[in-house]
Every structure is written in C-alpha cells, then in structure tokens.
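Morning, everyone. Please have a look at the structure on the screen.

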Amino acid sequence: MKKSRLVMIGNGMAGVRTLEELLKIAPDLYDITVFGAEPHPNYNRILLSPVLAGEQTLDEIVLNDWSWYTDNGITLHAGWTVTRVDRVRRVVHAQNAAGETCSAEYDRLLIATGSNPYMLPIPGKDLPGVLAYRDIADTQAMIDAAATFRNAVVIGGGLLGLEAANGLMKRGMTVSVVHVSPWLMERQLDDVAGKLLQQSLQARGMSFLMGAQTQELVAGASGRVAAVRFKDGTEVAADLVVMAVGIR
C-alpha cells in the first residue's frame, strides 16, 4: 500500500514533537518531508539563553540530530524557506539562501511555524547591530558582537530581555536595559517584586532606564548602530541593540 505524503512546514519544537508522537502511533502511515528555514536540526529554543551566557553549547541543545531524521525516513530540507503553497495542486514550494528552489507534493500539510519577534517600527531598526532574540542566528550574532564591542542596550524588561541582558553581561559587555513600564516583568510581577528584581540585577552591574520611550536608533560613522535616542532627547551609547519586546 502506498503511503500518504505528509509535508510539515516548520522544524521547531512543537512540530517535531508532533512527528515523534505520530511515529509512535502510526510509524508506517506517511512519507514525511520537513521544511525548516533555519539550517539546523530541531533544537530547544528555550535553552538559547544558557548558550548566550556560555553555560551550554549549541550542540547540547539539539533535540533531534541529523541522524534522527534519517533513521525515521524523514526528508529534511534545512535552510529552506517555504515561499508558496499551491493548495489546488497540493504542492509546497521553497527556496534556500542561494536562491535555489525545490518543491514537494503532499496529501496532508502541517504548518507549525510558530511566531516572529516584534521589532519596534522606529527609524534605525534595520541598522547593522540591531537584533531580535529568537533563534540560533540571533544568539551567535550576539556572541560575536560581545567579542568585539562593549556597549549593549536591550529594549524590553520582560523575561527574554533580562535573559539576553544577563547573557551579554556574562560575555563582558556593559548592558543597559530599556523598559517602558515603571517596573520589570510587569506581566508576572507586582511593583514591589519588580523593583526588588531590579535592585538585585543592579547589584550585579546591570543598568536600567525605566519608563523610557525609544524614539530612534542612531547610526555611527561606520553605519552601525551607535546610540539609542529617547523621546525626551536623551541618548545612551549602543554598539549592539537587542529588541525583546514581544512576538507576533
């Protein structure tokens, strides 16, 4: 009996866990093809913060290595971004960084692409040295920047922003956290707890600009980001800006 063709768009934690469960329940039901935009096997995105802090390596956070796909007969297109789904013909079209294209036909299509980081729509958001914090590429870019530059600004005083700030500080950077709210992690903590957390982090050397509204990111002579400018006209030096202001 010919197997049905299952194509999954997205090679992240949720999608691959679904495949793991499917393989347990019905190992011979599908010929499986996976498209992942990142050039990596499935990894634990939650553990990117320990990687940034130098506490773990990228290899240590991989959940399903390359051999897992092969052993389970899964065709993995890592580093291929899906550009179009033809629902009439049931074909997925994708492209890689070199501009090459490929396609895969399906009987069942599973879309597990997750979310994208939100970037503040302000002047300078596309400057070199301005990053979100979402994947291995972002993490590696921060590690590389910490080896060369000194001043980092993290916009966002939620959990992810504080993890980024802590990791960059452990990498030797001087870190300022910009947060529009009066206290840190306002979705999880009340004002007393948020301010106690701030005091604790300040004692470790982290700086905070609370209630600050970012107006633009300013380029230096090299074209790289050099400062964050606020609506009150003040600025703070920044060789690296990390936006951790939510997801969409």
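Let's start with Arg-90, which sits in the loop between β6 (80–86) and β7 (91–96). Helices (H or I, at least four residues) and strands (E, at least two) are DSSP runs, numbered from the N terminus. A word on the source: this is a predicted model, where local features need pLDDT of at least 70, side-chain atom pairs count only at pLDDT 80 or more, and totals for chains, interfaces and linings use all residues. Residues are numbered from 1 along each chain as its sequence is written, and side-chain values use heavy atoms, with hydrogens and water left out.

Arg-90 is not a glycine, yet its phi is positive, about 60°. Buried means under 20% relative accessible area, exposed over 50%, partly exposed in between (1.4 Å probe, protein chains only).

Now Met-185. Find it in the loop between β12 (174–179) and α6 (191–203). Met-185 is buried, at a relative accessible area of 13%.

Next, helix α4, residues 136–148. Its 13 residues should span 18 Å at 1.5 Å a residue. That expected span is 1.5 Å times one less than the number of residues. The end C-alpha atoms are 19 Å apart, which agrees.

Which parts pack against the buried residues of α4? They are β3 (42–43), α2 (48–52), β10 (130–132), α5 (159–170) and β17 (240–243). Buried residues in α4 include Ile-136, Asp-138 and Met-142.

Technical notes. Contact means heavy atoms within 4.5 Å.
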